Protein chains: 2
Amino acid sequence: MSSQRRRATTITDVATRAGVSIATASKALNGRSQVRAETLQRVLRAAEELGYQPNALAQSLISGQTRTVGLLTSDSVGRFGIPVLLGAEDAFGTGEMAVLLCDARGDAIRERHYVRTLLARRVDGIIVVGESTDPRPSISLDLPVPVVYAYAPSDDPQDVSFVPDDVGGARIAVQHLLTVGRRRIAHITGPTHYRAAQDRAVGTARTLEEAGLALSGGQALFGAWSRRWGRQAAEIVLAGDPETDAVFCGSDQIAAGFVEAVRERGLRVPDDIAVVGYDNWEVLSAETRPPLTTIDMNLEVLGRTAAQHLFAAIDGRAASGVHRMSCSLTIRESTMPQ
Amino acid sequence: MSSQRRRATTITDVATRAGVSIATASKALNGRSQVRAETLQRVLRAAEELGYQPNALAQSLISGQTRTVGLLTSDSVGRFGIPVLLGAEDAFGTGEMAVLLCDARGDAIRERHYVRTLLARRVDGIIVVGESTDPRPSISLDLPVPVVYAYAPSDDPQDVSFVPDDVGGARIAVQHLLTVGRRRIAHITGPTHYRAAQDRAVGTARTLEEAGLALSGGQALFGAWSRRWGRQAAEIVLAGDPETDAVFCGSDQIAAGFVEAVRERGLRVPDDIAVVGYDNWEVLSAETRPPLTTIDMNLEVLGRTAAQHLFAAIDGRAASGVHRMSCSLTIRESTMPQ
DNA sequence: AGACTGACCTAAAAGGTTTTCGCAACGTAG
DNA sequence: CTACGTTGCGAAAACCTTTTAGGTCAGTCT
């Protein structure tokens, strides 16, 4: 390893080499105007030759800004943390911000610990990424830096949260099914106690109601977020109303299971039954046969927005409350024959 | 937002409140021994009451250690970056290290930029996570901090790299197939130009050779890392040698496609054809029907090891070269009927 | 000549912490 | 009473940078 740990060159070295004081060197390096052109050049050259890189720690110590934000996730391995993280990293990366990553793994103790160390490191703000859309405990109480919540909202209405608009997402899905001419639409989704499942069921119910239709089977089928449940639910749906011509599934996993089961019974997707998934989890939605039409929560956008809002909050302007970010429809073959 | 930005309490505040000098306060807070018991208590109480938290920036400025490492990834969204990241975060999290995340998105310019800012922030070390096992350009030349490479090795043999042992992984896969009694084994894998595909093919060939067997079809089938290729290859394999009784696939995606196609032809897995995948990408390997026996590269372990090695390097001990981390076998139903 | 202006530069302080060194007080031994 | 060691504490330097408040000098105006 070529890493002989040598002392980093400081502004003093640069100043000495250029034959000026460190104050002048600082001004030259920062483009302040009280430096003669010739002196400016000397300093810049010296800095170049020495490979000078200002010590961000010292800068932060004076400015009080670290240009660093903490990203606290409950579950970074999860489906949802990653895109949000990427979006945030994207919003920051273009500037000069850096992201300090902390994975609390759903443990409240760990979470508090991380918040403490983030504060000790004097981050300028914190983004909290949840793993479901259910409200989570606020960490913001009496914190000296702004906090925004992404995906999972804070339970404190004073806080700022960005969550996908699941009611709206469901509406888009059902409207699409109506548009392609389906009328007997069933809804298969995750566990009742998930806010996401509730919201999507509500959106589905409302949209059908507005169209003067009822849910095929009378009510939404709550189960698990799994492929297995998708398969099981297929039996239930087909047994309940064999005339069902479309299903809106609360996740791509469920949709994948549903399609599988339905095809094994000899029915065609989308000809006999159209299917819409949720999440646009590409590995699943693009790879099933046929590929799934699905709702995309635009999590990267959500993450980016949350990050941008954090900037705003750092600069002093905050707009508290829960912001619902709209979802979009990705159309593939499971609803539209090619 | 409850974040009225108030000045953080400093050690001066604590010292004042305790009625001692900041030097004494510092010693008390850090458990130095030159403090009377009674004074110690006073200082600790004052710190407690004020909610004092030492400023990590100031500490780092003196100590020269930031207890922060940079994690530079080419592709954090990818299959491979995440587990490595988690493993690293794991190794660090237990201590007091923090991870500064940078996603260069495969862009060399961006990468250099990030290295510069990481150095400006005086990180103690850098982990570079690649997106394939192909060697990548070294960034370590003349860097003042240690660097370790994970998943993708550096092309400079002086550097320290941790990569999965794909030759060994293939060996394990094939040996498992031999153990369950298969003799006509085919190998379907990714593009020729991937080091991973090459290695796995080599491991396959060697192991068969040692068993006195030849590859079904005469040679490995190189294609893409996709499900589609898995399906296509199924046709080729079955057309070439209908007696083939096992297939080792270079990825779970390929395996999933293969299984799908084979089952559509009415063949049973594993009864007629046993299938082993690669990656143990749970969403795929555990959800296909039947679930896939697959090779797990233990990327989290790899990441953790890389991180631990970085510690060692920071503390002065480095062991350069490419370290191949062994893979393991996850047995599911695609090779062993339940 | 003296005062003023403007351009260019520097000394010093500030930011928060740790560490080194010195100082005072006290007790003990001679 | 002196010499000396111990204990407890504080002043100041160090880490590196930016900013403020001057300072010097040359030139210009009265």
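This is a predicted model: local features need pLDDT of at least 70, side-chain atom pairs count only at pLDDT 80 or more; totals for chains, interfaces and linings use all residues.
Trainee: What kind of axis relates the two copies?
Mentor: Start with the superposition. A rotation of 180 degrees, with 0.1 Å of shift along its axis, puts chain A on chain B at an RMSD of 0.1 Å. The two copies are therefore related as by a two-fold rotation axis.

Trainee: In chain A, which residue has the C-alpha nearest the axis?
Mentor: Look along chain A for the C-alpha nearest that axis. The distance there is 2.3 Å, and the residue is Leu100(A).

Trainee: How much of the contact surface of chain A recurs in chain B?
Mentor: Both copies use the same surface. Of the contact residues of chain A, the share that recurs in chain B is 100%.

Trainee: Where in chain A is Pro270(A)?
Mentor: First, its bond. The peptide bond from Val269(A) to Pro270(A) is cis, with omega near 10 degrees. Pro270(A) sits in the loop between helix 10 (252-264) and strand 9 (274-278) of chain A.

Trainee: Is Arg105(B) buried, partly exposed or exposed?
Mentor: Arg105(B) is in the loop between strand 2 (98-103) and helix 6 (108-120) of chain B. Its phi is positive, near 50 degrees, though Arg105(B) is not glycine. The relative accessible area of Arg105(B) is 33%, so the residue is partly exposed.

Trainee: And Tyr151(B), buried or exposed?
Mentor: Tyr151(B) lies in the loop between strand 4 (147-150) and strand 5 (160-164) of chain B. Phi of Tyr151(B) is near 70 degrees, a positive value in a non-glycine residue. Buried means under 20% relative accessible area. Tyr151(B) has 2%, so it is buried.

Terms used. Residues are numbered from 1 along each chain as its sequence is written. Chains are lettered from A and ligands numbered from 1 in the order in which they are written. Side-chain values use heavy atoms; hydrogens and water are left out. Copies are superposed by least squares on the C-alpha atoms of residues with pLDDT of at least 70 in both. Contact means heavy atoms within 4.5 Å. Helices (H or I, at least four residues) and strands (E, at least two) are DSSP runs, numbered from the N terminus. Buried means under 20% relative accessible area, exposed over 50%, partly exposed in between (1.4 Å probe, protein chains only).
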